[in-house]
Amino acid sequence: MAGKSTKSKWSTKNPYFTSITENYVLNGKSSQKETRHIVFNLGNSGLEYKAGDAIGVIPRCPPDSVEQVLQICGFSGEEEVETNHGQCSLREALTDRYEIHRVSKKWLMGLTERSSDSPAKIEMRIASRRRFSSVDGAMIVDWAARSEQDLPEGYVEMGELGDNSTILLQELISNNDSMEDYIWSRDYVDALGDFIDFVFTPQQLLEGMARLKPRLYSIASSPDFEKGTVHLTVAIIRYHHHERDRTGLCTGFMADRCETDTTEIGVYMSPTRSFVLPEDGSKDIIMVGPGTGIAPFRAFIQQREINKDSGRNWLFFGDWTEEGEYLYREEMDEWKVRGVISKHDLAWSRQGSEKVYVQHLMKKNGEEIWKWIEGGAYFYVCGDKQYMAKDVHVTLMDICSEYGGMSPDESKDFVENGLMKSEKRYLRDVY
Ligand SMILES: Cc1cc2nc3c(=O)[nH]c(=O)nc-3n(C[C@H](O)[C@H](O)[C@H](O)COP(=O)(O)OP(=O)(O)OC[C@H]3O[C@@H](n4cnc5c(N)ncnc54)[C@H](O)[C@@H]3O)c2cc1C
Ligand SMILES: NC(=O)c1ccc[n+]([C@@H]2O[C@H](COP(=O)([O-])OP(=O)(O)OC[C@H]3O[C@@H](n4cnc5c(N)ncnc54)[C@H](OP(=O)(O)O)[C@@H]3O)[C@@H](O)[C@H]2O)c1
């Protein structure tokens with residue numbers, strides 16, 4: 001029996017706080033990627049899931065960025081602020097309620113509304129100020145107050161702004177490409193450095209910041225196979241902009257700041273109604289999951305094995321190179337030896353002189369894919385939505401057209417209305 005996911009008391013607003021019990025890199029030593037296997041303990045939460053479900057993870061903002069923002073603004077962090085989840089300290093708001101690793105367009109647009117008679121003048125006291133240019137990293141200001149009346153040199157309010165801030169803000173507001181380019185690589189430490197002359201109350205600082213959102217991850221385990229735990233396959237996002245190393249908010253949190261068995265991390269289940277195994281275990285399944293798209297298929301294969309389902313399992317996987325990015329190689333090899341994986345096709349995109357993608361291998365196996373589909377097989381796709389899933393979709397229609405003797409229009413109708421909508425045996429988990 002596949003595990004069930006029932007309605008749970010744990011949710012986005014009321015997450016279950018647990019810890020990571022295992023966290024290791026799946027890639028080979030030569031790899032340029034960092035794809036991690038991450039395991040969460042479900043403890044006595046009562047949280048249930050089934051193969052195909054996703055889990056929501058609630059990230060926390062990096063404490064060093066929080067401290068830098070506080071320091072730049074001259075706040076202690078203890079100031080009370082109002083947020084959508086009620087009152088809390090400014091430090092808590094910047095850590096758990098807003099996304100401070102990336103400056104928002106709304107926050108930048110809001111700068112224009114800061115007027116010179118802002119209440120900031122009355123409410124705010126600047127204790128110290130250190131600012132660095134996000135353009136070349138140079139320190140622009142390093143100042144500490146000697147008395148309560150002391151203000152940083154060059155301190156002005158909106159309406160009397162320094163030339164550079166005004167010019168930059170005008171450019172961002174009038175040119176959307178410049179705005180997109182600016183926010184792509186900057187956080188609030190950069191932005192506060194660039195808009196050095198603006199004054200904020202603690203509350204104003206938060207206005208327009210994006211609220212902190214949970215991130216979803218496809219679960220890479222079956223609850224019957226890996227009891228009491230949830231396994232994930234996570235691509236860690238790392239990049240370097242304006243002289244600083246940065247990470248994606250949630251992937252950086254899990255990879256760098258969650259100590260195994262110690263750090264608390266909020267999670268909740270996000271069950272799927274559609275991306276499920278066939279109820280009839282004798283049905284064949286075809287799974288296409290390059291990169292982290294492998295995650296739910298590890299769960300499916302574990303579940304099919306434990307169920308002793310008689311249907312065949314065909315897996316298409318791919319990534320950069322066999323040596324560096326063959327995720328779960330040993331498990332896959334064992335499943336092949338035991339006959340759990342009946343067919344396995346591997347597409348390495350950066351190994352030879354030509355790119356090999358999963359859809360190229362589908363094309364090569366077109367006739368057999370068609371036979372499986374004609375025989376009632378289910379077709380699953382997981383991973384990149386923007387490019388991979390679209391190309392796989394077109395390839396599937398081409399295969400149905402070529403081997404099923406359909407015109408392109410008929411094949412489109414067969415795949416999109418027949419397989420996908422009516423029969424619900426073409427299922428996708430793409431992001
Ligand atoms: C249903 C579902 C299932 C998912 N399953 C998985 C899964 O199994 N495994 C997995 O790894 N992910 C999965 N994801 C994606 C996951 O939810 C997160 O979006 C992902 O981990 C990034 O989160 P983050 O907080 O680390 O990054 P964020 O802080 O949200 O940043 C991500 C952003 O960084 C941007 N970015 C990338 N490179 C750069 C750069 N050089 N400079 C500036 N910005 C850059 C990207 O465009 C992206 O918008 C899934 C998503 C969904 C919706
Ligand atoms: N929408 C999203 O936010 C999203 C979705 C998926 C991945 N990502 C991000 O991408 C990074 C790595 O993700 P990942 O490890 O899951 O791998 P991935 O980037 O999805 O790549 C996996 C494999 O798919 C190949 N690929 C690229 N374009 C393809 C196409 N059109 N058709 C078929 N295959 C294609 C890649 O080849 P090449 O790279 O050699 O071209 C690689 O071999 C992460 O930072 C992740 O967050 C973001």
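At what angle do α15 and helix α16 (residues 408-422) pack, and how far apart are their axes? The model is a predicted one, in which local features need pLDDT of at least 70 and side-chain atom pairs count only at pLDDT 80 or more, while totals for chains, interfaces and linings use all residues. Residues are numbered from 1 along each chain as its sequence is written, and chains are lettered from A and ligands numbered from 1 in the order in which they are written.

The angle between α15 and α16 is about 120°, and their axes lie 9 Å apart; axes are lines fitted to C-alpha atoms, for helices over the stretch in contact, and angles run from 0 to 180 degrees between N-to-C directions. Helices (H or I, at least four residues) and strands (E, at least two) are DSSP runs, numbered from the N terminus. The two helices α15 and α16 are therefore oblique to each other, given that angles under 35 degrees count as roughly parallel, over 145 as roughly antiparallel, 65 to 115 as roughly perpendicular and the rest as oblique. On the α15 side, Leu396, Met397, Cys400, Ser401 and Gly404 meet Pro408, Ser411, Lys412, Phe414 and Val415 of α16, where contact requires C-beta atoms, placed from the backbone, to lie within 7 Å.

Helix α15 (residues 388-404) also packs with helix α14 (residues 366-374), here at an angle of about 85° and with the axes 9 Å apart, and α14 and α15 are therefore roughly perpendicular to each other. Gly366, Glu367, Ile369 and Trp370 of α14 make this contact with Ile399, Cys400, Glu402, Tyr403 and Gly404 of α15.

Ligand 1 is surrounded by 21 residues, the closest being Tyr239, Gly248, Cys250, Thr251 and Tyr431, and β9 supplies the largest share of its shell, four residues.

As for confidence, the mean pLDDT of the chain is 91, and 87% of its residues reach 70 or more, pLDDT being the predictor's confidence in each residue, from 0 to 100. Over residues 115-126, however, pLDDT stays under 50, and it also stays under 50 over residues 154-160. Where pLDDT is low, the predicted coordinates should not be read in detail.

Technical notes: Contact = placed C-beta atoms within 7 Å. Near = placed C-beta within 6 Å.
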